[in-house]
Amino acid sequence: MTQPLYIISACTISPQHTYDEEHFLDPAMTADDGQLYVIDPDYTRYISPVAIRRMSRMLKRGITAGMKCLEDAGVTTPDAIIIGTARGSVTDMENFMKDMIKMEEQALNPTSFIQSTYNSVNGWIAMMTKCTAYNQTYVHRGFSLELSLLDAQLLLSEPGDKKYLLTGGFDELTSEYFIIREKIDYYKKDIPPSPELLAHYDTPGTIAGEGAHFFTVSNDPGKAVCAIHNIAMLQQPSAKELLDATADVLSQNRLKIEDIDILVCGMNGDSRNRFLIDPLIANCAASTTIVSFKQLSGEYDTASGFGLWLTNYICKHNYVPPA
């Protein structure tokens, strides 16, 4: 059996009131235009006024979520920083490309380009925590977060004194990026209010979202209430391949799908993916509670981070919120 990842603390900045989890879904935030943007917290708690002026929203968001996650775990300097992102800072890249066109590739300000690199959040957190250890960024679209978690799991299973790792993922939404993906029918044509997303599972497309999700993980259970035992990643699977992989993961932990009490599932309202979801739910016991979350977070490459945060929240409070 692989080394479990014990989640010591979790922090997410999302379209819901998750930064201060005491106010989660109080009230639930919604959108009617198919775009769920994050609720920005007070970034000055962790970032100086001098530095914050030149930072993009994504950079501020990633640094703040990561630093709060470490603070909640009581960790000053992590033994490694491993983060996944599919797009990095889209805003900074867009600004750099616009300036390149406007200035005709002359006398460009490099700030936007520097901050648009995928590992900028890692670098800032490392500097702020004086972490000179292993620092890695995974950029693999929809597998970015999962690969960062897998790397953390492998790292903690190695001999050594590594104990507390910061891992997570982030991605952002911009109006231009929404238009681009809308052109390839990624989002619904007839956009429902976000709470009604799953009631429109008969049409293709979903709604957009963004977020930053960080977890302090350890090989010591300590104060953890939630753990990751196995990670399985599938590329465009068939329904049977998904069911077989699920059964395999559960069997490694001496479980069957009928034993599951709660299934946190990334249903996104896209009819093109329903052939995967329906058989999985149908194989669960009638007593299994099915929890969806993308009507709260929207869809994006690292949205599974919101699902993991929600799982930790449920385990921590022994309560399934009425999403």
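Predicted model: local features only at pLDDT ≥ 70, side-chain atom pairs only at ≥ 80, totals over all residues.
Visitor: How many helices and strands does the chain have?

Guide: Both are DSSP runs numbered from the N terminus: helices are H or I with at least four residues, and strands are E with at least two. Going by that, the chain has 8 strands and 11 helices.

Visitor: What is the radius of gyration of the chain, and what would a compact globule have?

Guide: The C-alpha atoms fill a box of roughly 60 × 55 × 35 Å along the principal axes. The radius of gyration is taken over C-alpha atoms, and the globule rule is 2.2 Å times the number of residues to the power 0.38. With 323 residues, that rule gives a value near 20 Å, and the chain agrees, at 20 Å.

Visitor: What percentage of the residues is buried?

Guide: Buried means under 20% relative accessible area, exposed means over 50%, and partly exposed is in between, using a 1.4 Å probe and protein chains only. Of the 323 residues in the chain, the buried share is 48%.

Visitor: What share of the accessible surface belongs to carbon and sulfur atoms?

Guide: Accessible areas come from the Shrake-Rupley method with a 1.4 Å probe, and for residues only the protein chains shown count as cover. The chain's surface comes to about 15,600 Å², and the carbon and sulfur part is 53%.

Visitor: Among contacts with a separation of 6 or more, what share comes from residues 24 or more positions apart?

Guide: Contact here means heavy atoms within 4.5 Å. For residues 24 or more positions apart, the share of those contacts is 78%.

Visitor: Which residues does alanine 10 touch?

Guide: Alanine 10 sits in strand 1 (residues 5-13), and counts as buried because its relative accessible area is 14%. Leaving out residues up to four places away in sequence, alanine 10 touches Cys69, Phe214, Phe215, Trp309 and Asn312.

Visitor: Which residues of helix 11 are buried?

Guide: Helix 11 covers residues 304-317, which makes 14 residues. From first C-alpha to last, helix 11 reaches 20 Å, close to the 20 Å expected at 1.5 Å a residue, where the expected span is 1.5 Å times one less than the number of residues. Its buried residues are Gly305, Phe306, Gly307, Leu308, Trp309, Leu310, Asn312, Tyr313 and Ile314.

Visitor: Where is aspartate 185, and what is its phi?

Guide: Aspartate 185 is in the loop between helix 7 (175-182) and strand 5 (211-218). Aspartate 185 is partly exposed because its relative accessible area is 36%. Its phi is positive, in a residue other than glycine, and near 60°.

Visitor: Which residues does a cis peptide bond join?

Guide: One of the two lies in the loop between strand 1 and helix 1 (49-52), and that is proline 27. At the cis bond, omega is about 0°, and the residues joined are aspartate 26 and proline 27.

Visitor: Which residues does isoleucine 125 touch?

Guide: Isoleucine 125 belongs to helix 5 (residues 120-129), and is buried because its relative accessible area is 0%. Leaving out residues up to four places away in sequence, isoleucine 125 touches Gly62, Ile63, Gly66, Met67, Leu70, Ile81, Ile83, Leu166 and Phe214.

Visitor: How many of the 14 residues of helix 6 are buried?

Guide: Helix 6 spans residues 144-157, and its buried residues include Leu145, Glu146 and Asp151. Helix 6 is largely enclosed by the rest of the structure because the buried count among its 14 residues is 10.

Technical notes:
Residues numbered from 1 in each chain as written. Heavy atoms only, no water.
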